[in-house]
Amino acid sequence: MSKPKKSKRIKKKLLYKYRLVVLNEDTFEEQFALRLNRLNIFVGVGISTILIIAFTTVLIAFTPLREYIPGYASTKLRKQATSLAYKTDSLQIALDQKNRYLESIRRVLAGEASPLDFEEETLDSVNQIVADTVNFNASETDSLLRKEVAEEERFNIQKQLDSKVEFSLFSPLKGEISESFNPQTKHYAVDVVAQENTPVKSIADGTVIFAEWSAATGYVIILEHNHGLLSVYKHNKSLTKAQGELVVAGEVIAKVGNTGELTTGPHLHFELWSNGYPVNPQEFIEF
């Protein structure tokens, strides 16, 4: 009996009506009145709290305001951090592989390599080396032969020119050779004497990669051709082509001059380079 009575008292308290009145302080006139009970207050406060929490959660989750809250980071920053982490990991792996590769080469050159080293280490899991069948010590005869072949091939462009594609070099101009090609004196060119203003022609189809003035050699023009060839023309009086232009074999690209501090008279200083090495132009061109 006591439990039903107790529940009725709680229910009565929750549903007991109260009147909230707002009065004018000077006249005591009633401005606003509201009838409430405890249940209404509890329900209103609960719903308001839930709405405030939901609104705050949405505001933080879907607006940039979350970046101002400690512990939160923007999506862009997280993506950048993830990308940088992947790149750092890849670079570290590549660096480790390169260091192992260089260390292996150092041991081979120093004669420190052993069969055990090659069994324990592999470079990128390529071609397994059977160390027992490999002699890492270069003989004196082999070293001398390698040096001789390297010197012969250094100034040889015949292999590049002997291809299935027909390729020939034209003379830049006709004249007397005043100084020939001489690697010993570091004169990697031929000097062709000609009258001033004589047209200088391209030896082959190519692209102008340099066309400027220099104090030492005057007006200089450099052409890039097929097969890794470069042709250089110095001491010109003027240039008719600019950098980036395409030229065809036999096209006029400059005029013979006497410009630059190193000139001794009207002539063409002509150089021919193959894959970074100077070659004797007289072996391939008739002047």
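Phe270 and Phe287 are both buried, meaning under 20% relative accessible area, with exposed over 50% and partly exposed in between (1.4 Å probe, protein chains only). The model is predicted: local features need pLDDT of at least 70, side-chain atom pairs count only at pLDDT 80 or more, and totals for chains, interfaces and linings use all residues. Residues are numbered from 1 along each chain as its sequence is written, and side-chain values use heavy atoms, leaving out hydrogens and water.

A search of the whole structure gives 5 aromatic pairs. Rings of Phe, Tyr and Trp (its six-membered ring) pair if their centres lie within 6.5 Å; planes under 30 degrees apart are stacked, over 60 edge-to-face and the rest tilted.

| Feature of the pair | Value |
|---|---|
| Phe270–Phe287, ring centres | 6.0 Å apart |
| Phe270–Phe287, ring planes | 65°, edge-to-face |

Elsewhere, ring pairs join Phe181, Tyr188 and Trp273 into a cluster.

Now to Gly257. Is Gly257 buried or exposed? Gly257 counts as buried because its relative accessibility is 0%. The C-alpha atoms of Gly257 and Asn197 are 6.4 Å apart, although 60 residues separate them along the chain. Beyond its neighbours within four places in sequence, Gly257 is in contact (heavy atoms within 4.5 Å) with residues including Glu196, His235 and His267.
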